[in-house]
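Please consult the sequence and the structure while reading.

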Amino acid sequence: EICNNIKTIHSNIKFVEADATNITQCVERLKATGWQNDRSTLLICEGISYYVSKSAVRNIWKTFSNTPDSRCIFEYLIPSDMMSIESQHISQYIFGKIMDYCNINSPMTTWSREELENESGITVYNHATMHSIENERDKAATYFPTPDAGWKEIAELGTS
(Lines give C-alpha, C1' and ligand atoms only; values in the text may rest on other atoms or scores of the structure.)
Protein backbone atom coordinates (compact mmCIF):
# COMPACT_ATOMS: atom_id res chain seq x y z
CA GLU A 1 0.00 0.00 0.00
CA ILE A 2 2.87 2.40 0.74
CA CYS A 3 4.26 1.82 -2.75
CA ASN A 4 0.88 2.55 -4.30
CA ASN A 5 0.61 5.80 -2.30
CA ILE A 6 4.08 6.86 -3.46
CA LYS A 7 3.20 6.02 -7.08
CA THR A 8 0.07 8.18 -6.80
CA ILE A 9 1.90 11.16 -5.33
CA HIS A 10 5.04 10.86 -7.48
CA SER A 11 4.04 9.45 -10.83
CA ASN A 12 7.62 9.55 -12.13
CA ILE A 13 8.81 6.98 -9.55
CA LYS A 14 9.01 3.45 -10.92
CA PHE A 15 9.36 0.29 -8.85
CA VAL A 16 11.36 -2.45 -10.51
CA GLU A 17 11.69 -5.94 -9.11
CA ALA A 18 14.80 -7.84 -10.22
CA ASP A 19 17.58 -10.07 -8.94
CA ALA A 20 20.42 -7.63 -8.25
CA THR A 21 22.99 -10.32 -9.05
CA ASN A 22 21.46 -10.90 -12.49
CA ILE A 23 22.73 -7.79 -14.27
CA THR A 24 21.13 -8.67 -17.61
CA GLN A 25 17.71 -8.98 -15.97
CA CYS A 26 18.20 -5.71 -14.04
CA VAL A 27 19.17 -3.77 -17.15
CA GLU A 28 16.30 -5.21 -19.21
CA ARG A 29 13.71 -4.40 -16.55
CA LEU A 30 15.09 -0.93 -15.93
CA LYS A 31 15.18 -0.11 -19.65
CA ALA A 32 11.55 -1.29 -19.89
CA THR A 33 10.63 1.46 -17.41
CA GLY A 34 12.62 4.17 -19.19
CA TRP A 35 16.13 3.95 -17.70
CA GLN A 36 18.77 5.11 -20.18
CA ASN A 37 22.29 3.81 -19.70
CA ASP A 38 23.83 6.86 -21.37
CA ARG A 39 22.43 9.22 -18.71
CA SER A 40 23.80 9.71 -15.21
CA THR A 41 22.49 7.32 -12.59
CA LEU A 42 22.13 7.49 -8.83
CA LEU A 43 22.34 3.96 -7.48
CA ILE A 44 21.45 3.39 -3.83
CA CYS A 45 22.80 0.11 -2.45
CA GLU A 46 21.19 -0.12 0.96
CA GLY A 47 20.74 -3.38 2.79
CA ILE A 48 22.02 -5.54 -0.05
CA SER A 49 25.81 -5.64 0.09
CA TYR A 50 25.83 -7.96 3.13
CA TYR A 51 24.07 -10.75 1.25
CA VAL A 52 25.80 -10.77 -2.14
CA SER A 53 29.39 -11.49 -3.10
CA LYS A 54 31.96 -8.77 -3.70
CA SER A 55 32.12 -9.77 -7.36
CA ALA A 56 28.33 -9.27 -7.67
CA VAL A 57 28.67 -5.81 -6.10
CA ARG A 58 31.49 -4.96 -8.52
CA ASN A 59 29.26 -5.99 -11.47
CA ILE A 60 26.49 -3.76 -10.16
CA TRP A 61 28.91 -0.81 -9.83
CA LYS A 62 30.34 -1.34 -13.31
CA THR A 63 26.89 -1.53 -14.88
CA PHE A 64 25.44 1.53 -13.21
CA SER A 65 28.54 3.75 -13.11
CA ASN A 66 27.71 4.52 -16.70
CA THR A 67 28.76 8.17 -16.82
CA PRO A 68 31.45 10.19 -15.01
CA ASP A 69 28.84 11.94 -12.88
CA SER A 70 26.95 8.78 -11.89
CA ARG A 71 27.09 8.01 -8.17
CA CYS A 72 26.47 5.08 -5.87
CA ILE A 73 25.43 5.53 -2.26
CA PHE A 74 26.88 2.33 -0.82
CA GLU A 75 25.92 1.11 2.64
CA TYR A 76 28.03 -1.79 3.87
CA LEU A 77 28.83 -3.94 6.89
CA ILE A 78 32.36 -3.49 8.22
CA PRO A 79 34.56 -6.43 9.31
CA SER A 80 33.99 -7.38 12.94
CA ASP A 81 37.59 -6.65 13.90
CA MET A 82 36.94 -3.01 13.03
CA MET A 83 34.01 -2.81 15.50
CA SER A 84 33.95 -2.42 19.24
CA ILE A 85 33.14 -5.64 21.14
CA GLU A 86 29.65 -4.30 21.95
CA SER A 87 28.98 -3.53 18.29
CA GLN A 88 30.15 -7.01 17.29
CA HIS A 89 27.56 -8.53 19.63
CA ILE A 90 24.78 -6.28 18.36
CA SER A 91 25.53 -6.90 14.68
CA GLN A 92 25.92 -10.65 15.19
CA TYR A 93 22.58 -10.78 16.97
CA ILE A 94 20.71 -8.64 14.42
CA PHE A 95 22.16 -10.24 11.31
CA GLY A 96 21.96 -13.70 12.88
CA LYS A 97 18.20 -13.26 13.26
CA ILE A 98 17.85 -12.08 9.65
CA MET A 99 20.00 -14.91 8.31
CA ASP A 100 18.06 -17.52 10.31
CA TYR A 101 14.72 -16.11 9.16
CA CYS A 102 15.82 -16.02 5.52
CA ASN A 103 17.66 -19.35 5.75
CA ILE A 104 20.97 -17.82 4.61
CA ASN A 105 23.93 -20.07 5.30
CA SER A 106 26.78 -18.20 3.65
CA PRO A 107 28.86 -15.70 5.62
CA MET A 108 28.01 -12.01 5.51
CA THR A 109 30.00 -9.93 3.04
CA THR A 110 31.95 -7.10 4.63
CA TRP A 111 33.92 -4.16 3.26
CA SER A 112 36.33 -1.72 4.81
CA ARG A 113 36.85 1.87 3.79
CA GLU A 114 40.40 0.95 2.74
CA GLU A 115 39.10 -1.82 0.47
CA LEU A 116 36.73 0.61 -1.22
CA GLU A 117 39.49 3.17 -1.66
CA ASN A 118 41.68 0.49 -3.29
CA GLU A 119 38.97 -0.77 -5.67
CA SER A 120 40.04 -0.38 -9.27
CA GLY A 121 38.02 2.22 -11.14
CA ILE A 122 36.18 3.47 -8.03
CA THR A 123 36.60 6.80 -6.26
CA VAL A 124 35.31 7.34 -2.72
CA TYR A 125 33.95 10.90 -2.72
CA ASN A 126 32.46 10.89 0.79
CA HIS A 127 32.44 8.48 3.68
CA ALA A 128 30.45 8.28 6.91
CA THR A 129 30.39 6.08 9.99
CA MET A 130 27.39 5.65 12.28
CA HIS A 131 29.34 7.83 14.75
CA SER A 132 29.84 10.67 12.26
CA ILE A 133 26.21 10.52 11.08
CA GLU A 134 24.84 10.68 14.62
CA ASN A 135 27.27 13.44 15.55
CA GLU A 136 26.33 15.50 12.49
CA ARG A 137 22.60 15.00 13.00
CA ASP A 138 22.40 15.44 16.78
CA LYS A 139 25.61 17.40 17.49
CA ALA A 140 26.36 14.57 19.95
CA ALA A 141 27.33 10.93 19.72
CA THR A 142 25.19 9.19 22.33
CA TYR A 143 24.57 5.79 20.73
CA PHE A 144 27.76 5.66 18.66
CA PRO A 145 30.31 7.48 20.85
CA THR A 146 33.37 6.39 18.84
CA PRO A 147 34.01 5.59 15.15
CA ASP A 148 34.21 1.84 15.96
CA ALA A 149 30.88 1.88 17.82
CA GLY A 150 28.91 1.08 14.65
CA TRP A 151 28.69 -1.92 12.36
CA LYS A 152 27.77 -0.20 9.09
CA GLU A 153 29.28 2.62 7.07
CA ILE A 154 28.17 4.56 4.02
CA ALA A 155 30.27 5.76 1.09
CA GLU A 156 29.51 7.89 -1.95
CA LEU A 157 31.22 6.17 -4.86
CA GLY A 158 31.91 7.19 -8.42
CA THR A 159 34.14 6.12 -11.25
CA SER A 160 37.73 7.25 -11.42
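Q: Among contacts in the protein chain between residues at least 6 apart in sequence, what percentage joins residues at least 24 apart?
A: The model is predicted, so local features need pLDDT of at least 70 and side-chain atom pairs count only at pLDDT 80 or more, while totals for chains, interfaces and linings use all residues. Residues are numbered from 1 along each chain as its sequence is written, and side-chain values use heavy atoms, with hydrogens and water left out. A contact means heavy atoms within 4.5 Å. Among contacts in the protein chain between residues at least 6 apart in sequence, the share that joins residues at least 24 apart is 73%.

Q: In what order do the elements of the protein chain run from the N terminus on?
A: Helices (H or I, at least four residues) and strands (E, at least two) are DSSP runs, numbered from the N terminus. The protein chain has six helices and four strands. From the N terminus on, their order is α-α-β-α-β-α-α-β-α-β.

Q: What percentage of the residues of the protein chain counts as buried?
A: Buried means under 20% relative accessible area, exposed over 50%, and partly exposed in between (1.4 Å probe, protein chains only). The protein chain has 160 residues, and the buried share of them is 34%.

Q: In what order do the four strands form the open sheet?
A: Two strands pair if DSSP finds at least two bridges between them. β1 and β3 (122–129) stand at the edges, each with a single partner strand, so one side of each has no neighbour in the sheet. The pairing in this open sheet is mixed, and the order is β1-β2-β4-β3.

Q: Which residue in β2 is the bridge partner of C45?
A: Strand β1 (residues 42–45) and β2 run parallel and are joined by four bridges. Strand β2 (residues 71–77) is mostly covered, with five of its seven residues buried. The partner of C45 in β2 is F74.

Q: Which residue in β4 is the bridge partner of V124?
A: β3 and β4 run antiparallel, and seven bridges join them. In β4, V124 has as its bridge partner L157.

Q: At what angle do helix α2 and helix α3 pack?
A: Two packed helices are described by the angle between their axes and the distance between the axes. Axes are lines fitted to C-alpha atoms, for helices over the stretch in contact, and angles run from 0 to 180 degrees between N-to-C directions. The axes of helix α2 (residues 23–32) and helix α3 (residues 54–64) are 11 Å apart, and the packing angle is about 35 degrees.

Q: Which residues in α3 are met by I23, C26, V27 and L30 in α2?
A: Ala, Val, Leu, Ile, Met, Phe, Trp, Tyr, Cys and Pro count as nonpolar, Asp, Glu, Lys and Arg as charged, and the others, Gly among them, as polar. I23, C26, V27 and L30 in α2 meet N59, I60, T63 and F64 in α3. By class, this contact of α2 with α3 has six nonpolar, two polar and no charged residues.

Q: Is N103 buried or exposed?
A: N103 lies in the loop between α4 (85–102) and α5 (113–117). Although N103 is not a glycine, its phi is positive, about 55 degrees. At 60% relative accessibility, N103 counts as exposed.

Q: What is the relative accessibility of K139?
A: K139 is placed in the loop between α6 (130–138) and β4 (152–159). K139 has a positive phi of about 60 degrees although it is not a glycine. K139 counts as exposed, with a relative accessibility of 68%.
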